Amino acid sequence: MYIGAEPLKPDSNYFEIEIIDSGDTGSIYIGLVSSKHPLDQYPGWVPDSIGFHTGDGMLYRDAPKGVIFGPKCETGDRIGCGIKFENISSQDNQRHFILVFFTKNGKEIGSTVYSMPFGGLYPAVSLHSVGEEVRLALDIKWLPEEDMLMCIDSNEDEWSRLHDIKLNGTILEYAGRGKSIIDVGLAQAKYPLDTTHHYFEIEIMDPGENCYIAIGLARKDYPKYRHPGWNKGSIAYHADDGKIFVGSGVGDPFGPRCHKG
């Protein structure tokens, strides 16, 4: 059982887990609990706690009796939990009622009104069966899907360089020869990541012949004929082999190979 050191707040209202291994039975819970939550009880099974069971998609509120809420989750899925503080209401100037929401792979799967206990609600994760393993991310921001769409760069003047890359709205398409190791297509944004815009992602529409696609970060004057990660001042994840490259042409195993979609 893990319980966070601080309750969720308006400026840190969300956290996630990534299921590294679902273990024998997949009895992984994610949710919110009070500061007095017993360490031998699942989130949602006792008063002042709410939890989502990733193995069967059931939601538990204050008692060991769940209701159907969302999809089942498996190894590789990212599950998040947060509070929409802007939806706070009160009753008789006592307890506040908030909106607790859960996500799967960045998309909201549902929300529910919940009574916040005095002292707030703390991030909680519980594991039960042999082999279960998750990666916890507390310092993460979540934006509603409609807000994420507003942040997508779609204009050519948002890119500082498009070398052998054809831009069609939000779609980047390789336009090089593809004959040798230096025939790299590079798209580099005009502005660096910052505390407000600290994340980006791509969807593979077509992997091509070999899925030689890399995503990462690079210095402003990075060579246009080199994949990100191959030269100093860059780091990148390569979709074809699942390796991470950090300023070198030799990568280390990091994650799964990627495919269309």
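**Loops, domains, salt bridges and a surface patch**

Trainee: Is Asp 48 buried, partly exposed or exposed?

Mentor: The classes rest on relative accessible area, with a 1.4 Å probe and protein chains only: buried means under 20%, exposed means over 50%, and partly exposed lies in between. Asp 48 has a relative accessibility of 22% in this predicted model, and because of that value it counts as partly exposed.

Trainee: From what pLDDT do side-chain atom pairs count in this predicted model?

Mentor: Residues are numbered from 1 along each chain as its sequence is written, and side-chain values use heavy atoms, with hydrogens and water left out. Since this is a predicted model, totals for chains, interfaces and linings use all residues, whereas local features need pLDDT of at least 70 and side-chain atom pairs count only at pLDDT 80 or more.

Trainee: Where is Asp 48 found, and what is its phi?

Mentor: Strands here are DSSP runs (E, at least two residues), numbered from the N terminus, and Asp 48 is found in the loop between β3 (29-33) and β4 (49-53). Although Asp 48 is not a glycine, its phi is positive, at about 65°.

Trainee: Which value does phi take in Asp 164?

Mentor: Asp 164 is found in the loop between β12 (159-163) and β13 (165-168), and its relative accessible area of 31% makes it partly exposed. Asp 164 is a residue other than glycine, yet it has a positive phi, near 55°.

Trainee: Which residue stands opposite Leu 167 in β14?

Mentor: Two strands pair if DSSP finds at least two bridges between them; β13 and β14 (residues 171-174) run antiparallel and are joined by four bridges. Their hairpin has two residues between the strands, and Gly 169 in this hairpin takes a positive phi near 70°. The residue in β14 that stands opposite Leu 167 is Leu 172.

Trainee: How far apart are the C-alpha centres of domain 1 and domain 2?

Mentor: The bounds come from an automatic or database domain assignment, which divides the chain into domain 1 (2-148) and domain 2 (155-253). Between the C-alpha centres of domain 1 and domain 2 the distance is 35 Å.

Trainee: How far apart in sequence are the parts tied together by Lys 104 and Asp 77?

Mentor: A salt bridge is a side-chain nitrogen of Lys or Arg within 4 Å of a carboxyl oxygen of Asp or Glu, and a search of the whole structure finds eight of them. One of these joins Lys 104 to Asp 77 at 3.8 Å, N to O. Lys 104 lies in strand β8 (residues 96-104) and Asp 77 in the loop between β6 (67-68) and β7 (78-90), so the parts tied together are apart in sequence by 27 residues.

Trainee: How much accessible area does the nonpolar patch with Phe 200 have together?

Mentor: Phe 200 has its place in the loop between β15 (186-189) and β16 (214-218), and it is partly exposed at 38%. Patches take residues with over 30% relative accessible area and no salt bridge, joining like charges within 9 Å and nonpolar side chains (Val, Leu, Ile, Met, Phe, Trp, Tyr) within 5 Å; areas come from the Shrake-Rupley method with a 1.4 Å probe, and for residues only the protein chains shown count as cover. Leu 193, Phe 200, Leu 217, Ile 235 and Val 246 form this surface patch, whose accessible area together is about 430 Å².
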